[in-house]
Amino acid sequence: MKSVVHELARIVQTVAMADLPIDQVNLIVESISETMAVDVCSLYLANEEREMMLLASHGLSAKAVRRVKLPPGKGLVGLVASSRHPVNLADGESHPNYYYIAETKEERFHSFCGVPIVHAGKVIGVLVVQGREIRQLSDEEQGFLVTLAAHLALLLGNNPLAHGDTIGLNERISGVKGAPGIGIGHIKLSDHGELYSVVDTACEDIPGALEDWLQLLELVRNQIDHECQALGSEITGSVAGIFGAYKMLLEDPTFVSYVEAGIRNGNWLPGALRQAIQHFAELFLAMDDPYLKARHEDVHHLGNKLFNAWRGIKPVDIPSRTDIVLVGPAVSVSDIASVPSERLVGLVCFEGSGLSHTAVLANALGIPAVMGTGRIRRLVDNASIIVDGNNGQVTLAPSEMVLAEYQKLANDRRSLMKQLERLRELPAITPDGTSVTLYTNTGLLADITPGLFSGSQGVGLYRTEIPFMVHDSFPSEEEQIGVYRQVLDAYKGKPVHMRTLDIGGDKPLPYFPVDNEENPALGWRGVRFTLDNSQLLMTQVRAMIRAAGKSEDLRILLPMVSSTSELDDFAELFDDAMSQLESEGYEIVRPKLGIMVEVPAAISQIPFWADKLDFLSIGSNDLSQYLLALDRDNPRVSGRYDHVHPAVLMEIRRIVQLASAHNLPVSLCGEMASDPVAVVLLMGIGMRTLSMSAAKLPQVKWLIRSLPLTTAEKLTKQAFGCPYPAGIRKLVRDELESLGLQDLFS
């Protein structure tokens, strides 16, 4: 056999490049047969009944493919699946588990080696090779198959072929929650041209292409202005940041010149555009922070918008008198703007995350959305579809019964949200009189208005990275003041917690590259980066203080603090900034200072830092990941991640106790703050300030106003005696449902 490493890479890459699932499975069996010089290679995948379906074969009868189904545990293939162990036989027919199926005509073959294909701990298929000769495969050959099966499991984990080629009644697709709610309507595909599929081609008229590029920029700028107006003045303020980000990139000299350089080097305009968009998108994609990583989708969206404008493609054509669900790889703002708001009932994106601009816009508009489903094939315009943004699920070809059930859920949801609107101006106070402060998280101008509409009492976390990311050089003090002042003005009279620049390591600025680090999550990032580049930090701190002026609303947050020396160094810079501004004649107020408790090492040092700080803010996402050593965005381990893990709850309790002992106010931001189960436990622990996305705030307020603190404390005490996160969730959820709060989970 040829080089194992080389052949593994070749087969995996070849299969991954295939667009259709049927092409993937056929390539698998053909490539393995060729590489191992075997007579037969067959791939079986498990269906929903756990039967092993013969999906592809090189060597067995073609009539058997897609017809043969082995009952669970039946035959040698069933033995491989049930034992989760390779079966390597010189003569398979002599084994007691041998099961002959006439359609396969496999009586011609003697040797048998089958290995399980395991995905997320479950056997999803079996890979089999057979030969005419009576011989057992060598250890090297068997090892090759085992290794290849492990690689193929990642490719085949969501392969739909075991469930048939056509969309079945009530077929469900899982994705990521983008925006809450139930949307019932008809599909409108918004799958336009994909810029990333463009190939490089020689440019025959370079001066003409350069002129076309400038005209294209102007055309798309005008389109964006028109779309902003089409979305309506009542929500323009909430989505202005999206259009502003697009226009910033269109006007960015670095971006414009990058495309021009590509054209001058002989590439045609689409090819030069693709190179530029991929370059800028990859800068974001390489970042560790999920919020900033999601910005690569926005750059990609804009690239497709430019490409389709160059092709003369207009936004989707909307049929009349139909409720529309836009479906596509990455539904664009242009497509959303082209649909009358009263008829757009849902969004489904094959790509993207809950932090993408599309999800932010869906939340602002109140449109249910599901992101990151992966490519859904066999879709057609006008087919019925249900979008369940509450659970991140899509239902295709729903039956009348399922439609009726979801319609009831949608009606109930609308009724609930209408009721929750009445809570907007009411405080979040438990029935037995305990008050909880609710803040919102933001980082885009598009996030501002939803928080105010939801009754937020301030901003618990404002991410300041965006102004630094959309420039081609470090933004000036005046430029930063303009951005910060908009947020402070919007929340006038309410606390605004601004986090200093959290960037560095694997989150480089496009104009300030950082050498690759072996472990960037533990590297040159956060406050470590800004203190080493104190000129940037000084400018940012000055801009924050000047933006706040005489207001006492500003709070400054430091990210990734892990040592006392970091606090001391910042305090020196902070004092210097105040002295400079006072000597320059500015009327200012010294803002309160706090840290993000996200590095576990910070917890034990709270007593040392109490006299240096005014407050603490727990970054629950990062703290949970560091404590559990689990990346919640890594699909291979994300199923093990749960922020109500006992270890996380115990450390948060310790933080609250230390903060109380030293009279430090403490808040918590991140996904825990909007998870109903976690909110109950946090209340029981003693947390009295939470910060979350605007969309989640009304339901959290409803929960707090419905649940006595004594009940939360009782449940928390019981939860600390439970070693399993799943057990903790069941304990709390059962209690909430018994109190009539089951709609929190719908």
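**Aromatic contacts and a helix crossing**

The charged end of R590 is placed over the ring of F574, 4.5 Å from its centre, in what is a predicted model.

In one of them, the ring centres of W213 and F255 are 5.9 Å apart and the ring planes stand at 75°, an angle over 60°, so the pair is classed as edge-to-face. This pair links distant parts of the chain, since W213 belongs to helix α5 (residues 206–230) and F255 to helix α7 (residues 253–264), 42 residues apart. W213 is buried, with a relative accessible area of 0%, and F255 is likewise buried, at 0%. Together with Y258 and F280, W213 and F255 form one aromatic cluster.

The rings of W268 and W310, with centres 5.6 Å apart and planes at 85°, also make an edge-to-face pair. W268 lies in the loop between α7 and α8 (269–285) and W310 in helix α10 (residues 295–311), so that parts 42 residues apart in sequence are tied together. Here W268 is partly exposed, with a relative accessible area of 26%, and W310 counts as partly exposed at 36%.

Elsewhere, the axes of helix α24 (residues 676–685) and helix α27 (residues 725–738) come within 9 Å and cross at roughly 90°, and the two helices are therefore roughly perpendicular to each other. At this crossing, P676, V677, V680 and L681 of α24 meet I728, R729, V732, R733 and L736 of α27, a contact with seven nonpolar, no polar and two charged residues.

Conventions:
Residues are numbered from 1 along each chain as its sequence is written. This is a predicted model: local features need pLDDT of at least 70, side-chain atom pairs count only at pLDDT 80 or more; totals for chains, interfaces and linings use all residues. Side-chain values use heavy atoms; hydrogens and water are left out. Axes are lines fitted to C-alpha atoms, for helices over the stretch in contact, and angles run from 0 to 180 degrees between N-to-C directions. Helices (H or I, at least four residues) and strands (E, at least two) are DSSP runs, numbered from the N terminus. Angles under 35 degrees count as roughly parallel, over 145 as roughly antiparallel, 65 to 115 as roughly perpendicular and the rest as oblique. Contact means heavy atoms within 4.5 Å. Ala, Val, Leu, Ile, Met, Phe, Trp, Tyr, Cys and Pro count as nonpolar, Asp, Glu, Lys and Arg as charged, and the others, Gly among them, as polar. Rings of Phe, Tyr and Trp (its six-membered ring) pair if their centres lie within 6.5 Å; planes under 30 degrees apart count as stacked, over 60 as edge-to-face and the rest as tilted. Buried means under 20% relative accessible area, exposed over 50%, partly exposed in between (1.4 Å probe, protein chains only). A charge sits over a ring if NZ of Lys or CZ of Arg is within 6 Å of the ring centre and within 35 degrees of the ring normal.
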